[in-house]
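Here is a short report on one protein chain. Keep the sequence and the 3D view open while reading.

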Amino acid sequence: MSLMPPPAPTGFDLPEPLRSLAEWGFALQRGLNGEMRRQLVLMQDSGVSWEPLAAIILAAFLYGIFHAIGPGHGKVVIGSWFASRRARIAYGLAACALSALVQAASAIAVVLLLAGALSLAPRDVLAQAAWLETGSYALITLMGVWMLVQALRGRHACGHDHGDHQHGPHCNHADHAPTIPDRSLWAMAAAVGFRPCSGAILVLLFTLANGMLWVGIVATLAMAVGVTITVSGIGLSALGLNRLLENRFGTSPHAALWRRLLAVVGAGTILLLGLVLLLGVIHNGPALTG
């Protein structure tokens, strides 16, 4: 039995060369899946050994990297946030790490509570954990509403009110960047990570059933590191787009209008995505797939 669900075949509808790239990524994930399963069985048969443990950690880390490349709402939400609002690079990296850590922690908590404390079967654990995606989508929708209201009020991008602030021709907008991270950044990261990964849950269930839960926890954290790297790359790319637009339009007479428009588009994207996903779950029921 596979420890992890097969990657969703959504990439096969892509045009070339993206289709070939997606097929390669899916095949690599299946290979990493099989390698992790073999090493876990080896540890189960021969006891704790550093070689299979290192192989498990490496496979989980790589799985996290390539699994995060596939389709998912988290990357769209984080990318939209960074594309529409100013943020320091360090805060951006920390937020991406936080979203991955929350996702790992939610998977660990679900297994400890449902499988460990309540002794539910694996299928029931996955079914109950899937309802967390409803909470994640609801939180994202609420964040989108809040960000859209803030953007329409003129409080966006750098955290202060542009309605009463006029930029002169020599005004450097970077000077107004907040010295503390925007609280919505942490809230957004937590909302994205609230939905656990089914792959991590299955690894944890397997190791729990075989008395090696600590190995599953280590593997889950290794996945989180891999996810952090991929999501950070996407977030920093979006942040670079924001800086590019800022440099292009930041000194124009309509700079405030451009900033507000960008903030409204980003908030609207997050709100629309969260609402569509939430309505889909309400209509079709939750289905935790990754």
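## Cysteines, charges and a surface patch

Start with Cys96. Its relative accessible area is 2%, so Cys96 is buried. Cys197 is buried too, at a relative accessible area of 8%. The model is predicted. How many disulfides does the count give? The count comes to 0 disulfides. A pair would need its cysteine sulfur atoms within 2.5 Å.

**The overall fold**

The protein chain has 10 helices and 2 strands. Along the sequence the pattern runs α-α-α-α-α-α-β-β-α-α-α-α. The chain has 290 residues, and 44% of them count as buried. Take the contacts with a separation of 6 or more: 79% of them come from residues 24 or more positions apart. The accessible surface of the chain is about 14,200 Å². Carbon and sulfur atoms account for 69% of that surface.

**The salt bridge**

Side chains of opposite charge can pair when their charged atoms come close. The structure holds 1 salt bridge. Arg38 forms a salt bridge with Glu35, and their closest N and O atoms are 2.7 Å apart. Where do the two residues lie relative to each other in helix H1? Arg38 and Glu35 are 3 residues apart in helix H1 (residues 18-46), so about one helical turn separates them. Glu35 has a relative accessible area of 26%, which means that Glu35 is partly exposed.

**A buried arginine**

Arg86 sits in the loop between helix H3 (73-84) and helix H4 (89-117). Is Arg86 buried or exposed? Arg86 counts as buried because its relative accessibility is 9%, and the cut-off for buried is under 20%. Arg86 and Arg243 are 157 residues apart in sequence. In space, their C-alpha atoms are 7.8 Å apart.

**The nonpolar patch**

Which residues make the nonpolar surface patch? Ile57, Trp214 and Val218 make it, and the patch covers about 230 Å². Trp214 is placed in helix H9 (residues 213-249). With a relative accessible area of 40%, Trp214 is partly exposed. Patch residues need over 30% relative accessible area, so Trp214 clears that cut-off.

**Accessibility side by side**

The table collects the values for residues named above.

| Residue | Relative accessible area | Class |
|---|---|---|
| Cys96 | 2% | buried |
| Cys197 | 8% | buried |
| Arg86 | 9% | buried |
| Glu35 | 26% | partly exposed |
| Trp214 | 40% | partly exposed |

Terms used
Residues are numbered from 1 along each chain as its sequence is written. This is a predicted model: local features need pLDDT of at least 70, side-chain atom pairs count only at pLDDT 80 or more; totals for chains, interfaces and linings use all residues. Side-chain values use heavy atoms; hydrogens and water are left out. Patches are made of residues with over 30% relative accessible area and no salt bridge: like charges are joined within 9 Å, nonpolar side chains (Val, Leu, Ile, Met, Phe, Trp, Tyr) within 5 Å. Accessible areas come from the Shrake-Rupley method with a 1.4 Å probe; for residues, only the protein chains shown count as cover. A salt bridge is a side-chain nitrogen of Lys or Arg within 4 Å of a carboxyl oxygen of Asp or Glu. Helices (H or I, at least four residues) and strands (E, at least two) are DSSP runs, numbered from the N terminus. Buried means under 20% relative accessible area, exposed over 50%, partly exposed in between (1.4 Å probe, protein chains only). Contact means heavy atoms within 4.5 Å.
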